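I opened the file to look up a few points about strands, a helix and ring contacts. My notes follow in the order I took them.

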Amino acid sequence: MIIGGGPGGYEAALVAAQLGAQVTVVEEEGPGGACVLTDCVPSKTLIATSVRKQALLDASSLGVHFSGGPDGDVGGVTAEMPLVNKRVKELAQAQSGDIAARLAAEGVEVIRATGRLVDPQVVRAGDRTVRADVVIVATGAHPRVLPGAEPDGERILSWRQLYDLQELPEHLIVVGSGVTGAEFAGAYQSLGSQVTLVSSRDRMMPNEDADAAEVLEEVYRRRGMNVMGRSRAASVKRTEDGVVVTLEDGRTAEGTHCLMTVGMVPNTSGMGLEDNGVRLDRNGFIEVDKVSRTSAPGVYAAGDCTGVLMLASVAAMQGRIAVWHALGEAVQPIRLATVASNIFTDPEIAAVGVSQKQIEAGEIEANVVKLPLATNARAKMQGFNDGFVKLFCRPNTGIVLGGVVVAPRASELILAVSVAVQHRLTVDQLAHTFAVYPSLSGSITEAARRLMSPLTAGI
């Protein structure tokens with residue numbers, strides 16, 4: 001029995017069905033859960049549109065010019081939000097439909113209802129009670145609400161409410177400069193909104209690679225975004241035709257709309273978890289070990305409700321590991337050090353393995369090389385000037401420990417580094433791998449060559 005149909009839930013269901021188990025998924029919103037229907041898939045679809053528009057706006061540097069736009073937008077390139085949001089919603093529904101079809105093909109029963117734990121092996125699903133040998137909780141999380149800035153769906157918005165807007169916000173204030181805030185701020189700036197990004201810290205994305213955040217902030221400012229650092233929001237109020245964001249130091253920022261991106265809250269309350277021995281931390285996240293077990297026998301958990309690297313890929317792997325362990329299959333505990341992540345800004349920021357912060361703090365000894373994207377031949381041809389490839393390796397053995405890529409489609413480029421980290425390849429092995437010339441991936445093999453020891457490099 002799986003409570004929740006997002007990546008942690010449906011991937012667990014597919015693995016369990018393939019192993020011969022009878023599987024029931026209870027999901028209120030639909031197959032794919034919030035990830036597919038309201039969060040990850042819609043946001044990345046919107047961002048894909050914004051990246052396409054930005055490419056058109058930047059095309060003049062390659063000798064391509066646009067004119068005669070119906071609304072007088074820069075270069076005649078406009079975003080029609082009703083059509084944009086219609087496509088976003090339709091694509092999300094289509095993805096959910098594909099998941100539903102796959103689950104049905106594998107014989108998985110899906111109950112459209114909320115689920116509640118009655119006993120460690122009994123789930124209440126709507127008006128049904130289902131007994132199971134194994135229960136997996138994969139209920140996800142929802143946007144955190146800041147007291148004094150409650151979303152109303154019209155002017156003050158959570159990211160799940162953006163796709164109901166019929167017009168592009170004239171001036172969007174984004175509160176919160178983490179990954180979600182940075183992604184939406186960049187997307188709406190490219191779509192044509194004036195954007196103010198309110199950050200409570202010294203810089204955008206304080207938990208990400210500092211060099212990468214610096215590049216992105218420079219790009220955003222160059223495109224006209226107002227990035228307000230050290231500016232913690234205290235409240236957001238509606239005015240007659242907009243919003244006013246009041247900061248803790250008394251300053252204010254005025255706009256037509258405000259998007260709140262101040263974190264996530266796990267969907268674990270009112271589910272009977274603690275009553276049945278499932279331990280939660282002080283923030284309400286389910287505590288799990290590295291094979292997704294909770295403190296209650298026979299109950300596992302996966303995804304954002306556990307607070308373990310809130311990524312769809314991690315949720316899916318947690319779900320698979322839970323099934324493999326529960327059904328007695330060979331399983332390796334989840335290795336968070338090998339998880340690749342990506343921030344879908346423009347340019348994208350991808351990372352895997354150890355971080356620059358860990359190296360600078362002396363926690364890990366590593367050699368580092370950083371190559372600007374502007375030196376890459378393919379980047380020059382395509383007019384990409386912002387970004388870099390950074391690679392880390394052990395000083396003596398040359399084993400690749402991690403890396404950061406800031407580039408268009410960094411989410412695709414990081415795979416080579418992820419493979420190296422996962423399989424403990426050395427920079428010598430990476431350097432001797434053929435890369436297409438010219439290609440952005442060539443910067444990865446070039447970085448590896450620069451990290452080779454003088455002996456192996458033939459110097």
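For the first entry I need a cut-off: a residue is buried if its relative accessible area is under 20%. The model is predicted, and I keep that in mind throughout.

**Strand β16**

I looked up which residues of β16 are buried. β16 runs over residues 257-260, and both of its faces are covered.

Next I checked the pairing of β16. Strand β9, residues 156-157, pairs with β16 in the parallel sense over 2 bridges. In that pairing Ile156 stands opposite Cys258. β10 also pairs with β16 in the parallel sense, over 4 bridges. There Leu172 has His257 as its bridge partner.

**Leu172**

I then followed Leu172, which lies in β10, residues 171-175. Is Leu172 buried or exposed? Its relative accessibility is 0%, so I count Leu172 as buried.

I listed the contacts of Leu172, leaving out residues up to four places away in sequence. Leu172 touches His257, Cys258 and Leu259, and also Tyr188, Gln194, Val195 and Thr196. For one of these residues, Leu259, I noted the separation from Leu172: 87 residues in sequence, but 7.1 Å in space, C-alpha to C-alpha.

**Helix α3**

The buried residues are Val41, Pro42, Ser43, Thr45, Leu46, Ile47, Ser50, Lys53 and Gln54. What covers these buried residues includes α2 (33-37), α4 (81-105) and α5 (179-191).

**Residues 340-448**

The UniProt record, an unreviewed entry, places the feature "domain: Pyridine nucleotide-disulphide oxidoreductase dimerisation" at residues 340-448. I took the composition of this stretch from the model: the chain is 33% helix and 28% strand there. The end C-alpha atoms of the stretch are 18 Å apart.

**Rings**

How many aromatic pairs does the structure hold? I found 0 aromatic pairs. I did find a charge over a ring: the charged end of Lys370 sits over the ring of Phe388, 4.7 Å from the ring centre.

Methods: Residues are numbered from 1 along each chain as its sequence is written. This is a predicted model: local features need pLDDT of at least 70, side-chain atom pairs count only at pLDDT 80 or more; totals for chains, interfaces and linings use all residues. Side-chain values use heavy atoms; hydrogens and water are left out. Rings of Phe, Tyr and Trp (its six-membered ring) pair if their centres lie within 6.5 Å; planes under 30 degrees apart count as stacked, over 60 as edge-to-face and the rest as tilted. A charge sits over a ring if NZ of Lys or CZ of Arg is within 6 Å of the ring centre and within 35 degrees of the ring normal. Buried means under 20% relative accessible area, exposed over 50%, partly exposed in between (1.4 Å probe, protein chains only). Contact means heavy atoms within 4.5 Å. Two strands pair if DSSP finds at least two bridges between them. UniProt positions are given in the numbering used here, feature names are shortened, and annotations may be inferred rather than shown by experiment.
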